[in-house]
Amino acid sequence: MGHTHTRRTVLTGRIPTVEELAKRRGVSRRRVEWLRQLIESFHERDARRRRIARMRKKAPLKRGR
Amino acid sequence: LYLAFIAGLSAFGLSPRATIELTGSQRRLDRIIRLLRSCGYSFHDLSRVALDRTPPATPRFNMPFELGLAVASKPHGRHDWFVFEAQRHRLTKSLSDLNGTDPHIHEGHPDGVLRALSNALVRRRHRPTAAQLRAVYEDVCHTAQTIRSKFRIDSLFEARAFDELIMAGRLSAETSIPSLRGRGGNRR
């Protein structure tokens with residue numbers, strides 16, 4: 001189908017699971033686990049940054065005498 | 001833009017394929033045709049069709065050529081193709097045979113790619129928001145940096161790096177988008 005449209009294309013078909021996708025692409029379970037942990041570490045880092053930013057915002061300003 | 005396409009398509013639950021993953025003894029063109037026929041959708045970004053700096057200055061025609069193959073492959077089965085460009089009206093100038101086809105404009109920016117994909121695609125139940133698409137994109141970018149430094153890869157345009165980025169996109173999408181969470185099932 002060509003696109004002379006403003007309508008969106010409805011994607012059909014089942015979304016493969018992570019395991020199915022890894023098998024199809026020849027990525028080992030160990031590698032998938034490493035990537036999962038890597039992404040979790042990004043999320044933890046972001047959460048930590050946001051927490052620190054929130055705390056800084058809440059903390060009263062330290063002014064000189 | 002490459003990472004934005006990987007992230008965006010993964011967030012929509014698709015499994016991106018690309019010509020860079022094609023290896024083997026078959027002629028490259030045959031492999032491309034086989035790949036196109038095995039896919040239900042193809043996404044063609046023509047924004048990088050430009051003169052290079054290395055003499056003789058030549059534009060790379062692979063992308064428009066592959067788009068042509070996708071257009072021609074339709075009689076062999078259901079295949080939806082999408083054209084992406086950085087600027088409005090550039091396609092009219094570069095490929096007037098496609099007059100009447102509206103390209104999706106991304107303005108040469110990753111956020112533009114994510115927006116353009118959201119304008120092009122929809123699923124019945126699973127509908128990632130702009131913020132969720134952005135979160136997946138950021139994860140894919142961080143993964144790309146890690147892969148590059150940890151494995152000393154010069155280019156992300158290689159089969160192995162591509163596979164890992166796809167997996168990272170999918171894993172991130174599962175974490176960031178509730179409707180993708182869980183195992184198996186007939187999520188649509």
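Reader: How many residues does the contact take from chain A and from chain B?
Author: It takes 32 residues from chain A and 51 residues from chain B. Keep in mind that this is a predicted model.

Reader: And how much area do chain A and chain B bury between them?
Author: About 3900 Å², with 57% of it on carbon and sulfur atoms.

Reader: Which residues in chain A lose the most area to chain B?
Author: Leu11(A), Ile15(A) and Arg25(A), which together make up 22% of what that side buries.

Reader: Switching to H2(A). What does helix H2 of chain A reach from its first C-alpha to its last?
Author: H2(A) covers residues 29–58, 30 residues, and reaches 43 Å, close to the 44 Å expected at 1.5 Å a residue.

Reader: Which residues of H2(A) are buried?
Author: Arg31(A), Val32(A), Leu35(A), Leu38(A), Ile39(A), Phe42(A) and Asp46(A).

Reader: What do those buried residues pack against?
Author: Helix H1 (18–25) of chain A, along with two helices of chain B, H6 (130–151) and H7 (159–176).

Reader: OK, H6(B) and H7(B) then. At what angle do they pack?
Author: About 140 degrees, and their axes are 9 Å apart. The crossing is right-handed.

Reader: Which residues meet there?
Author: From H6(B), the list includes Val136(B), Val140(B), Ile147(B) and Phe151(B). On the H7(B) side, Leu165(B), Ala168(B) and Gly169(B) are among them.

Reader: How do the residues of that contact divide into nonpolar, polar and charged?
Author: For H6(B) with H7(B), 9 are nonpolar, 5 polar and 2 charged.

Notes:
Residues are numbered from 1 along each chain as its sequence is written. Chains are lettered from A and ligands numbered from 1 in the order in which they are written. This is a predicted model: local features need pLDDT of at least 70, side-chain atom pairs count only at pLDDT 80 or more; totals for chains, interfaces and linings use all residues. Side-chain values use heavy atoms; hydrogens and water are left out. Helices (H or I, at least four residues) and strands (E, at least two) are DSSP runs, numbered from the N terminus. The expected span of a helix is 1.5 Å times one less than its number of residues. Buried means under 20% relative accessible area, exposed over 50%, partly exposed in between (1.4 Å probe, protein chains only). Contact means heavy atoms within 4.5 Å. Axes are lines fitted to C-alpha atoms, for helices over the stretch in contact, and angles run from 0 to 180 degrees between N-to-C directions. A crossing is left-handed if the near helix is turned anticlockwise from the far one by less than a right angle, and right-handed if clockwise. Ala, Val, Leu, Ile, Met, Phe, Trp, Tyr, Cys and Pro count as nonpolar, Asp, Glu, Lys and Arg as charged, and the others, Gly among them, as polar. Buried area is the accessible area (1.4 Å probe) that two parts lose on being put together, summed over both.
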